[in-house]
Amino acid sequence: MPEGGLRSLPLRTCLIFMRKVPFPQSLQIIGRGSLNWLADRPIVVSFEVTDSCTCNCLHCDHGGPRDESRNLRPAEYRRYMDTLRPCVVQVSGGEPLLRPDLLEIVRNIKNGSRLPYTILVSSWSLMTAELYQQLHEAGVDQFSVSLDFPDERHDDFRCYPGLYSHLEDLVPRVARLGYDDIVLNSCITSRNLAEIDAIADKAREWGVNLCYSAYSARRTGCRDLLPATPEQLATLNQHLDRVEARRDGSNWIVNSRSTLDATRRYFENSGTPGCKAGHRFLVVTADGSLQPCSMQFHRFPLEGRARMIGEFTRQNRCDECYVSIRSYLDKSFPQLLWENVRGFFSVKA
Ligand SMILES: C[S@@+](CC[C@H](N)C(=O)[O-])C[C@H]1O[C@@H](n2cnc3c(N)ncnc32)[C@H](O)[C@@H]1O
Ligand code: SF4
Ligand code: SF4
């Protein structure tokens, strides 16, 4: 049994790309996740709290300032939480750290409770050690930090000079506080295929965890960034083989093996059918509309969730991404539960 007993078990817990979750919180997530599954409520909700961004990344359709006048105010998030009752929330954007009231948003999402498990998805261009601490205290459970290259090429890809050196200074510094809640999020494109293993080195060097995600051409229409040639697929597979060989009991590579295998197939086939966007997960836009995902711009009011499932999800044939949120929620509920419960028992043994 690891030091600290059940509370500190590194349980690869329920339903999504999380790190170490205390045992009581894991049980709550499993409980609420099961209820939501049966009640057709979403398991994961992604709040895009702003459309504006500090960067202008080559793979993304965001970039620069946007109209902020209709953004939801912090207290309005309560109504979404009361209705949707997700067990996992992503706070994303655009760049969420651009919201000066982000702490208030997080507090309203958490409402003093352990649930939902809350993940802040950010480039960290505006992160400071002080803000990290404040967000941790406000209730952020996991910090997902985008990293596309293990050096200054990250600045070029994100059109943000100095971003890599900022991360290189800040990430290891705040990781040493010991919360073990930072996960580098690396989106695999044709540009960084040969860096997959080096990005894992960087995560180890900085003392943080790592999650890979897969580029989709749907955001920008740019197919050059989608690995598809035999040479690119061979490089992808070589690097992911090396990553697989680096797994250990600490679960620092957050993707499961089955998810990375499915990521290989997504690139091989240039798509993955069977998407449950709008049903098992959905997006709330900055101005409060529901969308099935960040790349499908069919908008519904909060009260229109059932209509979204009928009009979008049941007809949806889109197979154009395999982003993390999909890669977990495409699985059947028994498979999800089994993967996570097995993770728990394998650690316990
Ligand atoms: C849209 S960004 C929003 C949060 C924040 N601005 C950031 O970059 O982390 C969330 C994640 O989506 C990824 N992303 C952007 N464009 C993508 C694409 N075309 N396909 C897959 N992931 C993409 C980013 O690399 C980032 O990790
Ligand atoms: S990936 Fe994130 S940082 Fe880059 S443009 Fe998109 S929203 Fe902004
Ligand atoms: S596959 Fe699903 S999540 Fe991905 S872009 Fe299409 S509808 Fe959205």
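Glu244 counts as buried in this predicted model, with a relative accessibility of 8%. The residue belongs to helix H8, which covers residues 230–245. Its side chain makes a polar contact of 2.6 Å with the side chain of Arg247. Apart from neighbours within four places in sequence, Glu244 is in contact with Arg257, Leu260 and Arg264.

Side chains of opposite charge can pair when their charged atoms come close. The count of salt bridges comes to 23. The table lists some of them.

| Salt bridge | Distance, N to O |
|---|---|
| Arg280 and Asp40 | 3.9 Å |
| Asp101 and Arg99 | 2.9 Å |
| Glu195 and Arg153 | 3.1 Å |

Arg280 and Asp40 form a salt bridge at 3.9 Å. This pair links distant parts of the chain, 240 residues apart. Arg280 sits in the loop between helix H9 (257–269) and strand E9 (281–284), and Asp40 in the loop between helix H1 (23–39) and strand E3 (44–48). Arg280 is buried at 7% relative accessibility, whereas Asp40 is partly exposed at 31%.

Arg99 is buried, at 7%.

The salt bridge between Glu195 and Arg153 has an N to O distance of 3.1 Å. Glu195 lies in the loop between strand E7 (182–188) and helix H7 (196–206), and Arg153 lies in helix H5 (residues 153–158), so the pair ties together parts 42 residues apart in sequence. Glu195 is buried at 13% relative accessibility, while Arg153 is partly exposed at 34%.

Asp197, Asp201, Arg242 and Arg246 are joined into one network by salt bridges that share partners.

Key:
Residues numbered from 1 in each chain as written. Chains lettered and ligands numbered in written order. Predicted model: local features only at pLDDT ≥ 70, side-chain atom pairs only at ≥ 80, totals over all residues. Heavy atoms only, no water. Helix = DSSP H or I, 4+ residues; strand = E, 2+ residues; numbered from the N terminus. Buried < 20%, exposed > 50% of the residue type's maximum accessible area, 1.4 Å probe, protein only. Polar contact = N/O pair within 3.5 Å; in protein donor to acceptor, adjacent residues only side chain to side chain. Contact = heavy atoms within 4.5 Å. Salt bridge = Lys/Arg side-chain N within 4 Å of Asp/Glu carboxyl O.
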